[in-house]
Amino acid sequence: MNTVESIIDAVYQGQRISADAAEILYHNAPLLTLASLADHLRYKKHPNSMITFVVDRNINYTNICISKCKFCAFCRPVTHEEAYVISKDVLDQKIQETLEMGGTQILMQGGLHPDLPFSFYLDLLAHIKKNFSIHIHGFSPPEIEHMSKIAGITFQETIQQLKNAGLDSIPGGGAEILVDQVRSHISPNKCDRKTWLAIMKIAHEIGLPTSATMMFGHIETPSQLVTHLMRIRDLQDQTNGFTAFIPWSFQPDNTHIHVRKVTAWQYLRVLALSRIVLDNISNIQASWVTQGDKIAQLALSFGANDLGSTMIEENVVAATGVHFRLSKEDMIRLIHAAGLKAAQRNCTYDILHWFSK
Amino acid sequence: MILSFKDKQLYSIKDKIESNTRLERQDGIMLYNTHDLIGVGALADYIRRKRHGNKTYFVYNQHINYTNICKNRCLFCAFARNRNEKGAYMYSVDQVRDILIKNKHNHLKEIHMVGGIHPNAPFEYYLDLLKTIRDIRPDVHIKAFTAVEIDHFSTISKLSLPDTIKALKQAGLDMVPGGGSEVMSDRIHQELFPKKIHRSRWAEVMKAVHAEGLTSNATMLYGHIETVEECIDHFIQLRDIQDDTNGFTAFIPLAFHSENTKLSHISPTSAYLDLKTTAIARLMLDNFDHIKAYWVMLGEKLAQIAQTFGADDLDGTIIEEKITHSAGAKSSKGLTREQLVYMIRSAGFEPVERDALYQPVEKNE
């Protein structure tokens, strides 16, 4: 019989958890039981007590977006007075600052702009690569789908051209919950789940590593949340191209979805469950941007082995009125205070520096 | 309890608490030094659930800080002012009356009133504060005046401690808050709060309070210069007093906030230290009924999590917190009753609204 105890025993013994069993844990397992199991699995995957992070900056090349997702507080219509498309001068300055602060990558994402030609994006990549030595983690699947429509070419061709122009890896944004019933409500104009998964599959096949995300805490049911995790796990079985999984909780302020903000309690449950289900993904990131430094530190005992990035700049979550900050120094301090070892990594999880206490 | 401990040393603690064996100093030190936070939490959760099951208490309360003028000037305080300093204030009895009348909340069950050690206010002022509150809110418990203030009153009134406490009680005092002991260590006393009463006097005042039939809380300010050993010794001193008097109701760990203090170089406490302190307090203070997660200092998110690390009480609505917010607290200044209920319920606990003395409040809706 599937009881919490029997499920946990089975996972301890190395068995893969089923969707049904994951849902039982979601509903019934005590928080510290989930934490203990997730922490056990984290150490099985990463036997040392290292916690990594990357120093980077989020650069949003435009906030103009035709997708109009209900959960977004960042996008603006073309004619809006706050609408912008980044200039090369501003872009260069941001990258220069990032490098000066010890940054190794930029996360470059933007809205689905109705008029920019595909060449704009290729040009942006080529320009950065020509002038800077920096890793470009950019263009989530909805952006890639949008570009392929604009260019009238296949996903494969689109990704290949982006890669040739300088794209190094793809962020896992736009996944939200990979269940079309949910997507059609919260982001009806954004790519469906098949497209999201197809683009990630092609990226992995072409040799671009990607991350995967989940935005939860809006209208999804626990069963849909588990389905999301299963779909990520299934694709990873095929491609092994996901470097990391990042669950983060929906921030409802200034958006069109009026729900109560997910509590720290629920965040930590979902984080632990992600580690338990995603037995084939190496890195699980804590989201300090949505949870703050205290819960992010705590997340390191709930299955996370990575604190994501220092995010010298972040605009999308900030647009919902959530303004947590975490400097590199504070990150190192929090890791050490948890009795763990701190290391700066690059986008592909190679260690660049260790930080001693 | 949890299935397995990452740190195998914790099995010895598990054996002790399952057989109701009191934890020793070295047990406490080991609990602080282990990196197995989840294991420590599970041990504390076991005791918490044994005592209180799934219940988490909270109170509809209001804080009143009658003055920030204080002659003690402890290094960790951002609230205190000298008499002529900018921002110094002292409420008149009428002002306190106005605050109460303005906030005539239907559900209010507790007034928490503390203030600085004012150099000139007469004892009558403090008695008048109590009488005024009692007059306007006869149905509300008054939890007021730390041991430090009570010691000061005894000096200015030239009354003995028992007579001072009797006078306060007669004027309306129901309960005494736990502040002012900081960490009961001579070294820390000397370095951070030399003008404040010594730990021996703090204990004497608390024992006198308990002897007069009043209960009190106890606290510990952590996250500054204290060592693990000093924290454990603090717990043991409180536990010893409690063995004598059984007058303490709740223990409240207070996370130090350094902004605008003379110790501003000290980083904020980490979630690990916050939760460990909560859990170890639950485990060491085996003769205390309640361990509080003070959301003002922990932040609302961590306070919610603390419910499974030994805490069974989330304090209350507070309405307007001043002391920790002078030191840079990022939490709200007050919470609604509904927000507190949600924090508790969404973590699977059962909210129990209480009064200052931990008696459940009759549900009136």
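Modeller: What follows is a chat about confidence, helix packing, the chain contact and the sheets.

Modeller: Bear in mind that this is a predicted model, where local features need pLDDT of at least 70, side-chain atom pairs count only at pLDDT 80 or more, and totals for chains, interfaces and linings use all residues. Residues are numbered from 1 along each chain as its sequence is written, while chains are lettered from A and ligands numbered from 1 in the order in which they are written.

Biologist: What is the mean pLDDT of chain B?

Modeller: The mean for chain B is 95, with 98% of its residues at 70 or more, on a per-residue confidence scale from 0 to 100. For the complex, the predictor gives an ipTM of 0.93 and a pTM of 0.94.

Biologist: Why are α7(B) and α9(B) called oblique?

Modeller: Their axes come within 9 Å and cross at roughly 55°. Axes are lines fitted to C-alpha atoms (for helices over the stretch in contact), and angles run from 0 to 180 degrees between N-to-C directions. Under 35 degrees is roughly parallel, over 145 roughly antiparallel, 65 to 115 roughly perpendicular, and the rest oblique. So α7(B) and α9(B) are oblique to each other. The helices themselves, residues 161-171 and 199-211 of chain B, are DSSP runs numbered from the N terminus (H or I, at least four residues; strands are E, at least two).

Biologist: What makes α2(B) oblique to α10(B)?

Modeller: α2(B), residues 25-33, and α10(B), residues 228-245, pack at about 135° with their axes 9 Å apart. That angle makes α2(B) oblique to α10(B). The crossing is right-handed here. Among the residues in contact are B:Ile29 and B:Tyr32 of α2(B) and B:Ile232 and B:Phe235 of α10(B). This contact divides into seven nonpolar, two polar and two charged residues.

Biologist: How do you know which way α3(A) and α3(B) run relative to each other?

Modeller: The axes of α3(A), residues 31-45, and α3(B), residues 37-52, come within 10 Å and cross at roughly 160°. The two are therefore roughly antiparallel. This crossing is left-handed. A:Leu32, A:Ala35, A:Ser36 and A:Asp39 face B:Ile38, B:Gly41, B:Ala42 and B:Asp45, giving four nonpolar, two polar and two charged residues.

Biologist: How many residues of chain B are in contact with chain A?

Modeller: 22 residues of chain B are in contact with 24 of chain A. α3, α11 (271-284) and α13 (300-306) of chain B each supply at least two residues on the chain B side, and α3(B) gives the most, with five. That side has 11 nonpolar, eight polar and three charged residues.

Biologist: What makes β5 and β7 of chain A edge strands?

Modeller: They belong to an open sheet ordered β5-β6-β7, with parallel pairing. β5 (210-216) and β7 (283-284) each have a single partner strand, so one side of each lacks a neighbour in the sheet. Strands pair if DSSP finds at least two bridges between them. β6(A), residues 242-249, has two bridges to β7(A), and A:Ala244 has A:Asn283 as its bridge partner there.

Notes:
pLDDT is the predictor's confidence in each residue, from 0 to 100. A crossing is left-handed if the near helix is turned anticlockwise from the far one by less than a right angle, and right-handed if clockwise. Two residues are in contact if their C-beta atoms, placed from the backbone, lie within 7 Å. Ala, Val, Leu, Ile, Met, Phe, Trp, Tyr, Cys and Pro count as nonpolar, Asp, Glu, Lys and Arg as charged, and the others, Gly among them, as polar.
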